[in-house]
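Me: I have a new structure to look at. Can you walk me through it?
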Amino acid sequence: TFPLALDVGSGRGYIAQHLTKETVEKLVQVDIAENALKNAVESEIPTVRVVADEEFLPFKEDTFDLVVSSLSLHWVNDLPKAFKEIHQVLKPAGAFIGAMFGGDTLYELRCSLQLAELEREGGFSPHVSPFTAVADLGHLLSRAGFNTLTVDTDEIQVNYPGLFEVMEDLQGKYILRMGESNCSWNRKPLLHRETMLAAAAIYQAEMYGNSDGSVPATFQIYYMIGWKYHESQAKPAQRGSATVSFGDLAKIEALLKRGEK
């Protein structure tokens with residue numbers, strides 16, 4: 001049971017719907033979008049809502065027993081700073097459990113737009129927010145001070161009728177929950193109609209289209225767990241102190257068979 005938990009980038013509070021009083025006694029929801037917090041879904045857990053930037057969390061050091069974050073950290077400008085802030089507000093032996101969109105998210109859409117722009121306009125600009133590579137994630141968490149790390153990755157593929165439906169979904173009903181419209185400062189303000197039509201043709205007909213005419217959109221998700229150090233935590237054995245060789249693992253099956261006989 002976690003007496004006090006923090007939801008970083010809580011949005012409308014969807015994570016709170018999956019928590020119970022038996023696991024979290026009190027929850028603080030933080031988001032930079034005030035309207036999202038105002039329209040947050042109610043939950044059975046006592047909740048406090050705070051408008052704040054993930055890179056500047058307004059809490060004292062060693063405050064929370066648990067910090068969670070679901071699918072919002074890809075919006076953060078300075079991810080190492082956000083991880084350090086999360087680590088700082090955690091109590092020793094506290095856990096950070098997070099999920100964020102990864103580097104292969106929407107690669108079909110990004111490639112199609114880039115190829116179309118190169119062909120029609122002689123260059124391209126980013127039209128989807130940048131994402132972190134999984135190879136960097138463990139290093140960033142470790143540098144922020146987390147230990148006993150677990151990082152995993154998964155991919156979810158959603159099929160759409162075409163490119164325009166993908167973009168409408170991302171810019172419309174998912175804007176609060178996923179926010180995959182572009183937040184880059186150097187983006188182009190608009191795309192020409194001819195470029196958009198060319199991108200739709202590349203997406204559907206030339207590169208990624210399914211046999212039924214639909215197109216896939218991939219969402220890569222990184223899952224991470226990190227702990228703030230406490231002397232009670234298990235520690236790795238000293239280098240060279242092992243008493244069993246990895247080479248002996250090959251003998252286990254033979255030993256088991258011998259034991260059965």
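Reply: Start with helix α6, which bends by about 25 degrees at A201. The bend is the angle between axes fitted to the seven residues ending there and the seven starting there. This is a predicted model, where local features need pLDDT of at least 70, side-chain atom pairs count only at pLDDT 80 or more, and totals for chains, interfaces and linings use all residues. Residues are numbered from 1 along each chain as its sequence is written, and side-chain values use heavy atoms, with hydrogens and water left out.

Me: Which residues in α6 are buried?
Reply: T195, M196, A198, A199, A200, I202 and Y203 are. Buried means under 20% relative accessible area, with a 1.4 Å probe and protein chains only.

Me: And what covers the buried residues of α6?
Reply: The cover includes α3 (107–121), α5 (163–171) and β7 (215–227), taking contact as heavy atoms within 4.5 Å.

Me: Different topic. How many helices and strands are there?
Reply: The protein chain has 7 helices and 7 strands. Those are DSSP runs numbered from the N terminus: helices are H or I with at least four residues, strands E with at least two.

Me: Which residues touch the most other members of the largest nonpolar core?
Reply: L6, F59, V67, F83, I86, F96 and F146, out of 26 residues. The largest share of this core, 5 residues, comes from α2. A nonpolar core is a set of buried Ala, Val, Leu, Ile, Met, Phe, Trp, Tyr and Cys residues joined through side-chain atoms within 4.5 Å.

Me: What does F96 touch?
Reply: Leaving out residues up to four places away in sequence, its contacts include V67, F83, L141 and M224.

Conventions. Buried means under 20% relative accessible area, exposed over 50%, partly exposed in between (1.4 Å probe, protein chains only).
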